[in-house]
Amino acid sequence: MSSISRDDVAHLARLSRLAVTDEELDRFAGQLDQVLAAVARVGEAAVADVPPMSHAVPLTNVLRADEVTPSLPRDAVLAGAPAAEDGRFRVPRILGEDA
Amino acid sequence: MTDLTRIDVAELGRLLTAGEVSAVEVTRAHLDRIAAEDGRLGAYLHVEDDAAVTAATAVDEARARGDELRPLAGVPVALKDLVVTKDVPTTSGSKILEGWLPPYGATIATRLADAGTVLLGKTNMDEFAMGSSTENSAYGVTRNPWDLDRVPGGSSGGSSAAVAGHLAPWAIGTDTGGSIRQPAAVTGLVGHKPTYGSVSRYGLIAFSSSLDQAGPMARTVLDAALMHEVIGGHDHCDSTSIDAPLSGLVDAARAGASGDLRGLRVGVVRELGGDGHTDGYEPGVLARTREAVEVLAGLGAEVVEVSCPSFDLALPAYYLIAPSEASSNLARYEGVRFGLRAGDDGSHDLDDVMALTREQGFGPEVKRRIILGTYALSSGYYDAYYGQAQKVRTLITREFTAAFTDVDVLVSPTTPTVAFPIGTRVDDPIAMYAADLCTLPASLAGLPAISVPSGLSDGLPVGFQVMAPALADDRCYRVAAALEAAQDAARGHRLLDELPTPAGAA
């Protein structure tokens, strides 16, 4: 099966929004390669005609009456935010200088 | 006066109801013990102190007024720190949630409060429940009361240390791949993972949503059943919650303790420590498991060996599914709506701030799993990894189903070894993952499974696992209670009574 290179880990870290350090890249690449070698054994299973599963008890869509219920108060929600202003979440700029 | 921290929940409930002790007395006894012992154990991340006394006072006043109270009103409880508690700090063992005061509470926290129980505090855990030793907590290690140089298991290791060390009469744990059962096993406790969907996940900080279940960690099987009945049952806030009544769990624990298992068929799983599958298992663990099976046979159970070859693939399947779901669940920590924000100095845009926040807020195991999960879900790899793992899950479930046509319960060791020394596996993911070998099959199939003490090996507790079909949690309690009663009677006391001086004078 495939293995994970240091470059792969750097790419995956970017996709995952993790600003990993060079030291972490070195360490994770080795460890993830080991883990991947171990988990790749799922490939040995003969499951061509086997359906995937995700719940012990088969459930169909769960529906409820479409009724208005109270939400959390705005201030209670904003109280947990790292930065809030004018009753809103404050976020850093989204576009770069040259955009 | 009797030490109130040594009394089981069932008995505490009786004493409180009879007015022989007050809720304040019971709560203070536990808070005093936490103050004296938790410096060494590190079981708690947050202690409620005055708030707990206030809650206990309210119970005592209600009782004095003659209000009708629930049978467990006034019993203290500890919650693993991934149970969201309104206005009480909740971190999931992560720096990224340091200082967060949730604006709402989990269904199980609300149900415990409605039953009149008193919240003592929040217990330490591996960050986001990823680990088997509690060493992955961002807030320090927790120590095993049986030997302070060893881990208390994980990820619910704060809960196991608190209950085994008598810093709480019982506690909530959560189990994704074994995180209730394995810490219970290595600290001499009873821990039950309910059928998936039997206990609400609303307000539990998500790790792997198709596997996560909360459940009881207690000193007796009866106490575990009492807690399961308080927290379990349908919840409209959790769409995976099963809309069916819980089936007589406390009754099953009481019936089991009477010691009659005639007519019960027990299957010993070969792939979990049986012939040809003993690599990595300690001889002492296998010996205690054999003895436990002999006890069940002595109580009238019919014992057969059962083979489930796909169980060998449970570990690789789990370590694809859980990281995949985690990589998605943990995307919510973006430094905007709650928790930590790093690098917001005007020079970084939102993307950078997210990456810096997550880099600073997550520990190494969480990062490893997010990266692995992102890989397994990547275009071109999805079918080979996540898709294949979900199919292996079906194979494992089919083998359980086939086995349960011949037997009523399946049994195995809970974990291959006794508690391991702190520091020995923390930088070796593969060695750490092996602790979950026996607990993963029931997790992947969503089945109920209990760990009950089965004696000591080298002076450290060994756990015995009983697995049952979906929604047959009562069988776990019945068989575990029978084993517990027989072994307690044979040794003349409880296993926990052998704990070297409470919390160990190191």
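The model is predicted, and local features need pLDDT of at least 70, side-chain atom pairs count only at pLDDT 80 or more, and totals for chains, interfaces and linings use all residues. Residues are numbered from 1 along each chain as its sequence is written, and chains are lettered from A in the order in which they are written.

Two strands pair if DSSP finds at least two bridges between them. Within chain B, β5 (residues 190-193) and β6 (residues 213-218) run antiparallel and are joined by two bridges. B:Gly191 stands opposite B:Met217 in β6(B).

Two packed helices are described by the angle between their axes and the distance between the axes. For helices α8 (residues 249-257) and α16 (residues 473-491) of chain B, the axes (lines fitted to C-alpha atoms over the stretch in contact, with angles from 0 to 180 degrees between N-to-C directions) come within 7 Å and cross at roughly 30°. Therefore α8(B) is roughly parallel to α16(B), a term for angles under 35 degrees.

The contact between the chains (C-beta atoms, placed from the backbone, within 7 Å) takes 59 residues from chain B and 47 residues from chain A. On the side of chain B that touches chain A, α13(B) gives the most, with 11 residues.

Notes
Contact = placed C-beta atoms within 7 Å. Helix = DSSP H or I, 4+ residues; strand = E, 2+ residues; numbered from the N terminus. Parallel < 35°, antiparallel > 145°, perpendicular 65-115°, else oblique.
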